[in-house]
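Colleague: Could you take me through this model? Please start wherever you like.
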Amino acid sequence: MIERVHEHITSELTVNTRTDTIFVLTAIFLNLITLGINSIIASSNGDSTQTIVMFTFVALIIVVNSVAEVGLIRGRQMRKKLLNGLLKMYKDQGVEGYYDSSLLSDYTIRYNLFMLTVLFTGLIAIVIPFIIR
Amino acid sequence: MSLLSPYNLLFAQEDKVDLSLRLLPEYYYKEVVPGKNTTLFMEVRNNGNTIINDIRLSADKPEEWVVEIIPDSISYLSAGSSQTVDITIVPGSNIPNGEYTVTLLAEASETRMATSTTLRVKSDSSFWIWIGMGVAVLVAAGFLIIFLRFGRQ
């Protein structure tokens with residue numbers, strides 16, 4: 001039974017990693033695409049329609065980045081819970097010495113860096129077109 | 001036929017009317033701000049061999065633009081001489097960003113000459129920079145709130 005639980009936890013960790021990767025890549029990709037589109041809009045004739053389109057893309061950036069950040073926070077919490085369970089399991093089996101518990105804090109730092117990257121690309125995608133305009 | 005025939009000599013002495021208008025190269029595609037003055041200088045030159053009288057200067061401009069030429073007329077311009085005129089351009093304050101062409105015309109009874117320049121209207125960007133910075137600060141604050149609130153759960 002414990003092997004089944006172990007398999008389940010490791011498969012959950014794999015899905016969690018994949019989901020978080022999708023969140024980060026999608027957010028960064030969308031930020032860069034929006035940066036390009038809004039920069040083109042900002043450098044062209046600034047009529048009211050284009051301003052509305054520009055602000056719509058800004059709203060899209062805010063929504064996508066918020067979703068990505070919440071998703072990454074949840075992913076980080078989920079990973080922490082899964083790894084805690086895994087560590088407890090290893091402890092019960094007397095093999096905890098093979099798994100360094102400091103990995104938990106390393107994952108937290110990595111998640112925070114991912115969030116910072118998403119946030120900064122989002123901020124750049126918002127600010128640069130307004131500077132060009 | 002000899003090249004020095006009386007006919008050719010008479011032809012060589014014929015009055016030549018040649019008026020040119022010249023703007024400095026940096027005035028082409030110059031950036032202007034809606035509602036704000038921009039002064040250009042234009043040289044009106046008589047390249048011919050006869051005097052040109054009563055040159056009237058005018059501008060063909062986009063709607064809502066003000067173009068003032070000082071002086072707007074030159075009483076006479078002798079052969080080989082030139083005069084510089086000031087052109088004050090004020091794009092309308094509600095003009096959208098883009099490229100606009102202003103054509104400058106010089107008309108005299110003997111000749112007519114035109115030159116044009118493309119000006120790039122660019123709104124005073126400080127307003128939009130503040131808007132952008134404001135949105136960015138709000139987004140950063142929102143992220144911080146999300147981070148602190150959801151991160152603790």
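Modeller: Helices (H or I, at least four residues) and strands (E, at least two) are DSSP runs, numbered from the N terminus. This is a predicted model, in which local features need pLDDT of at least 70 and side-chain atom pairs count only at pLDDT 80 or more, while totals for chains, interfaces and linings use all residues. Residues are numbered from 1 along each chain as its sequence is written, and chains are lettered from A and ligands numbered from 1 in the order in which they are written.

Colleague: What span should α2(A) have, and how far apart are its end C-alpha atoms?
Modeller: At 1.5 Å a residue, its 46 residues should span 68 Å, and the end C-alpha atoms are 67 Å apart, which agrees. The expected span is 1.5 Å times one less than the number of residues.

Colleague: And α1(A)?
Modeller: The 42 residues of α1(A) should span 62 Å at 1.5 Å a residue; the end C-alpha atoms are 61 Å apart, which agrees.

Colleague: Which residues of α1(A) are buried?
Modeller: Among them are A:Phe23, A:Val24, A:Ala27 and A:Leu30, together with A:Asp20 and A:Asn31. A residue is buried if 20 or more other C-beta atoms, placed from the backbone, lie within 10 Å of its own. The buried residues of α1(A) pack against α2 and α3 of chain A.

Colleague: Which residues touch the most other members of the largest nonpolar core?
Modeller: A:Leu72 and A:Val118 do, in a core of 23 residues. Such a core is a set of buried Ala, Val, Leu, Ile, Met, Phe, Trp, Tyr and Cys residues joined through C-beta atoms within 7 Å. At least two residues each come from α1 (2–43), α2 (48–93) and α3 (103–132) of chain A and from α2 (126–152) of chain B. The most come from α3(A), which gives eight residues.

Colleague: What is A:Val118 in contact with, leaving aside its neighbours within four places in sequence?
Modeller: A:Val118 is in contact with A:Val24, A:Ala27, A:Ile28, A:Asn65, A:Ala68 and A:Glu69. Contact requires C-beta atoms, placed from the backbone, within 7 Å. A second, separate core has 17 residues, including B:Ile69 and B:Leu119.

Colleague: Turning to the contact of the two chains, how many residues does each give?
Modeller: Chain B gives 20 residues and chain A gives 17 residues. On the side of chain B that touches chain A, the largest share, 15 residues, comes from α2(B). That side divides into 13 nonpolar, seven polar and no charged residues. Here Ala, Val, Leu, Ile, Met, Phe, Trp, Tyr, Cys and Pro count as nonpolar, Asp, Glu, Lys and Arg as charged, and the others, Gly among them, as polar.

Colleague: What is the strand order in the sheet of chain B?
Modeller: Five strands form an open sheet in the order β2-β9-β8-β4-β6, with mixed pairing. The edge strands, β2 and β6 (73–77) of chain B, each pair on one side only. Two strands pair if DSSP finds at least two bridges between them.

Colleague: How does β9(B) pair with β8 of chain B?
Modeller: Strand β8 (residues 98–107) of chain B and β9(B) pair in the antiparallel sense over 10 bridges. They form a hairpin with four residues between them, and B:Glu107 has B:Arg112 as its bridge partner in β9(B).

How values were computed. A residue is buried if 20 or more other C-beta atoms lie within 10 Å of its own, exposed if 12 or fewer, and partly exposed in between; C-beta atoms are placed from the backbone.
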